[in-house]
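This report concerns a single protein model and is meant to be read beside its sequence and coordinates.

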Amino acid sequence: MKKSTGDTELADAERCVKAMEDLEDTYFGADKEQRMSSMATEANECMDQILANAANPPRTLRVRTFYLRGRAASLSPDQERVAETLLSKAIKLDPQCLAAWNALGDVYWNLGDMVQARQCFEQALELCGKNSVSLRNLSTVLRAVSEQEAKGDVLELARCRAQNFAAALEKAKEAVALDMNDPQNWETLGNAYFGDCFVNVKPADMDRTVDRSLTAYQKADALYERQNKPSPYLQMNRAKAAKYVENYDLAIDSFRKAHKIGAAGADEAATEILDLCRRLATAVRNKGDLKSKRLRELAGFHVESGARTLEEIRGGENAAQPLVARVINILDQKDETPTLMVCCDNSGAFFALSLYHVDFKKVADTVVPMKSILVIRSAELQSRVVHAAGDTVWEYPCVRVVRPVDVSIHGGVSFTAFVARSEFSAGKKVVSCGVAGEEPASVSVEEKEEALDVVTTASHDRISVGSDLPADVRSRVAKATLDGLRKLMANQCGPQSLSKISRVETMLERIGRNEMLDETNALGRRHVAGYIADLTPATPFHSLEGLSWSSELQSHWTEIRDELRRHLDEHAWQTGAISQGNEAYGPTWRISEVYSHGTWQHGDRWKVTHSVLKRLQGISISEVFFARLAGHSTIDPHSDNTNYILTCHLGLDLQEMASSLQVGNEEVFWEEGEMFMFDHTFVHSARNFSSRHRYALVVRLWHPQLSEEERIAIDLAQGILASTAQKGRR
C-alpha cells in the first residue's frame with residue numbers, strides 16, 4: 001500500500017518527540033539540553049516540510065502536527081506558553097485527542113497551575129475513556145492541587161488534602177489495574193501510598209502503608225530494568241520512603257543507584273545516612289563516652305515499680321510496663337523525620353530512640369539532655385544493622401515510637417504537645433504525555449505554629465477560657481483553640497478523625513459562648529461547662545457491678561492502705577493542681593499524686609499501688625491520687641466541671657459511719673475497702689465527723705462512652721492551652 005504524502009516526515013517527527021521523552025526520563029549527561037534542542041529542531045523541520053507539501057492538509061494531519069509541535073515545545077526550556085497554544089489548537093480540532101490532553105496537563109503542571117492540570121486529565125478520562133497515563137497523571141496532580149483549591153483556608157486545606165490524597169491513591173490503583181506492565185504506573189502507586197502516610201493514615205498503620213509503597217517501588221524498578229530505562233526519580237522516592245521507616249540499607253542502595261544515573265544530591269544523601277548511623281552506633285556502644293561515675297549518676301534515677309528496662313523488652317518481660325529512660329543527646333537532623341535521641345535506661349543500657357509525628361524544635365526546646373527522663377509506653381525495640389564500605393557494619397538497638405501519645409516527660413507534659421505533620425516531597429518527573437512526580441504542596445512550619453500562635457494572640461497570654469474573661473476575648477480564645485484542635489487532630493489522627501469529634505467541638509463552642517449546663521431535678525443540681533452530650537447515665541452514682549477492674553482494685557485495698565500508712569509524712573501531701581479552688585472549698589483537703597499528666601508519680605513511694613493499678617484491664621485512667629481530709633472538717637459543695645471524666649473513691653483509712661460523701665441529693669457513708677463511682681458534675685461535698693484523718697484513693701477515669709478520637713481531642717485541646725501558657729511565660 002502506497003504511503004500518503006507526509007507519512008515519512010510524520011513518522012520522523014514522532015520519532016524525534018519520542019526520543020525527547022526518553023532523553024528527559026533517562027539521560028542525564030552534560031549535553032542533555034543540546035541533544036533535546038537538536039531533536040526538537042529536527043521534529044519541527046519535519047512538520048514544516050509536511051505542511052509545505054500539503055496545500056490543504058486534512059484535519060487529522062493538522063491535529064497530529066499541532067500535538068507534536070506542542071509536545072516538543074513542552075519538553076523545551078521556557079516554551080510552556082507556546083506549548084499551551086499549540087496543544088489547545090489540537091484539542092479544539094479533536095476533543096478526543098488523548099495525547100494532547102495529557103501533554104497539556106503536563107504543561108500546566110510545569111507552570112504550577114494544578115487546578116488547570118487536574119481539569120485536563122479529568123477531561124482526558126471523560127472524553128477519551130479510561131487510560132493508565134491520564135489516571136496516573138491525575139493521581140500525581142491530586143496530591144499537589146489542595147493548596148490552590150483551598151485558597152488560603154487552613155481548615156479547607158485539611159479537608160481538600162484528605163479527599164484528594166484518598167482519590168489519588170484510588171486513581172493510581174486503577175492505573176496499575178489497566179496496565180500492570182508499565183513501571184510508571186507502579187511508581188505512581190508507590191508515591192500515592194507514601195504520600196497518604198502524611199495525610200489519611202493513622203500512625204498505627206504507617207508501617208503497613210510504607211511497606212505497600214516499597215512493594216510498588218520494587219515492582220516498578222524490576223520493570224524499568226527489564227526495559228533498560230533506569231529512573232532516578234523512582235530511586236530517590238524509594239530511598240526517601242526507606243529512610244523514613246529507618247530501612248537504611250535499602251535507602252543507601254537506592255540513593256547510590258540514583259547517583260549513578262545522575263540524580264543530584266543522591267550521593268550526599270547516602271553519605272549522610274552512613275554518618276548518622278555511625279554516630280548512633282558509636283554513641284550507644286561507647287555509652288556516650290561518659291565516665292563511669294557520671295554514667296552511674298545518670299542511670300541511677302528512681303523509677304516506678306515495674307518500669308521496663310531494655311533487657312526486659314528483649315526478653316518479653318513486663319509487657320504492660322513503660323520503658324523509662326534518661327535522654328543523653330538529641331540529634332539535630334534539620335527537621336527530618338524521625339526525631340532521634342540517644343537514651344539510657346536505669347540499668348545503664350544505651351539505645352537510640354526514634355520518634356515520629358513530633359516537631360523537632362518543640363521537643364528540643366523542652367527536653368533537656370542529661371536531665372529529662374522519658375516514660376515510653378508501647379515501646380517497640382528493633383535492631384538497626386547498616387552496612388558501610390567493605391566489612392564495616394554499624395549496629396545499635398533502637399526503640400521506635402510512632403504515636404506521640406505514647407511518650408511523656410516524667411513529671412511533665414505528654415508529647416502530644418509536640419505533634420507535627422511529617423512531610424514528603426519527591427522530585428518532579430515528566431513522563432510520556434504526562435507527569436509522575438509528587439506534590440510540591442506541604443504544610444509549612446508557620447502553619448503548624450499557627451494553631452498555638454493564634455491562641456496566644458487571642459487570649460493575651462491567658463491559658464483558660466474562664467468566666468472572668470471579657471466576652472470577646474473568651475470567644476477568640478475558644479475559636480482559636482477549636483481551630484488549633486482541628487489542625488492537630490488532622491495531623492495526628494488523619495482528617496477523617498474530624499468527623500468523630502463533633503461533640504468535643506460543640507463543647508468548646510459552648511465554652512466560648514460562656515454557656516453552662518446548670519440544671520436541677522429530683523437527683524440534684526448539675527453545674528458544668530466541660531459537657532459532652534449524650535454520656536449516660538446522668539445519675540449521681542454509677543454502678544460498679546460487672547466491672548472486673550473495680551473488683552480487682554478493691555481486692556487489693558489492704559495492700560494499698562498499708563503502703564499509704566508507711567508514707568504519711570507531711571511532705572508527701574500538697575493542695576493539688578488547682579490550689580486556689582481547693583483551698584476555697586476544702587481548706588484541709590490534701591492529695592499525694594500517684595498518676596498524672598500521663599506519668600506514674602513517686603515510684604519509690606507508691607510501688608504497690610502502681611503495680612495494682614497497672615494490672616487493671618478495661619479502664620482508661622486519667623488521674624490517680626491519695627486524698628486526705630482532716631478530722632472534723634468538710635469539703636464544701638462544688639462541681640468538678642467535666643462530665644467526660646468519672647471519679648471513683650476507694651475508702652482506705654477512716655472511721656466508719658463518720659465519713660460521708662454527698663453527690664446531688666444522695667448521701668452515702670463509707671466503710672474501709674468500699675468504693676463509689678460518681679458523676680462529679682453533680683454538686684457534691686464530703687464530711688469527716690471523726691477526730692482522725694480520712695484517707696481515700698481517688699481514681700479518675702475517662703468516661704467509657706467516649707471514643708478514642710474524643711479522648712485524644714480533649715488531650716490536644718488541653719495541650720494547646722498548656723503550650724500557650726509556656727509562650728506567655730517566655
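The model is predicted: local features need pLDDT of at least 70, side-chain atom pairs count only at pLDDT 80 or more, and totals for chains, interfaces and linings use all residues. Residues are numbered from 1 along each chain as its sequence is written, and side-chain values use heavy atoms, with hydrogens and water left out.

## Overall make-up

The protein contains 25 helices and 23 strands. Of its 730 residues, 55% count as buried, where buried means under 20% relative accessible area, exposed means over 50%, and partly exposed lies in between (1.4 Å probe, protein chains only). Among contacts with a separation of 6 or more, 69% come from residues 24 or more positions apart; a contact requires heavy atoms within 4.5 Å.

## The pairing of H5 and H7

Helix H5 (residues 98–111) packs against helix H7 (residues 132–142) at an angle of about 20°, and their axes are 10 Å apart. Axes are lines fitted to C-alpha atoms, for helices over the stretch in contact, and angles run from 0 to 180 degrees between N-to-C directions. The two helices are therefore roughly parallel to each other, a term for angles under 35 degrees. H5 passes H7 in a left-handed crossing, in which the near helix is turned anticlockwise from the far one by less than a right angle. From H5, the residues Leu98, Asn102 and Trp109 meet Val133, Ser134, Asn137, Thr140 and Val141 of H7. The residues of this contact comprise four nonpolar, four polar and no charged. In this scheme Ala, Val, Leu, Ile, Met, Phe, Trp, Tyr, Cys and Pro are nonpolar, Asp, Glu, Lys and Arg are charged, and the others, Gly among them, are polar.

## Salt bridges

Side chains of opposite charge can pair when their charged atoms come close. The structure holds 46 salt bridges, each defined by a side-chain nitrogen of Lys or Arg within 4 Å of a carboxyl oxygen of Asp or Glu. Three of them are listed here.

| Salt bridge | N to O distance |
|---|---|
| Arginine 15 – glutamate 42 | 2.8 Å |
| Aspartate 22 – lysine 229 | 3.6 Å |
| Arginine 403 – aspartate 406 | 3.0 Å |

Arginine 15 forms its salt bridge with glutamate 42. Arginine 15 lies in helix H1 (residues 7–26) and glutamate 42 in helix H2 (residues 32–53), so the pair ties together parts that are 27 residues apart in sequence. Arginine 15 is partly exposed at 42% relative accessible area, as is glutamate 42 at 27%.

Aspartate 22 pairs with lysine 229. Aspartate 22 is partly exposed at 26%, and lysine 229 is partly exposed at 29%.

In the salt bridge of arginine 403 with aspartate 406, arginine 403 is partly exposed at 28%, whereas aspartate 406 is buried at 9%. Elsewhere, salt bridges that share partners join Asp207, Glu246, Glu380, Arg384 and Arg400 into one network.

## Arginine 561

Arginine 561 belongs to helix H22 (residues 557–565). With a relative accessibility of 14%, arginine 561 counts as buried. Apart from neighbours within four places in sequence, arginine 561 is in contact with Leu652 and Glu672.

Notes:
Helices (H or I, at least four residues) and strands (E, at least two) are DSSP runs, numbered from the N terminus. Angles under 35 degrees count as roughly parallel, over 145 as roughly antiparallel, 65 to 115 as roughly perpendicular and the rest as oblique.
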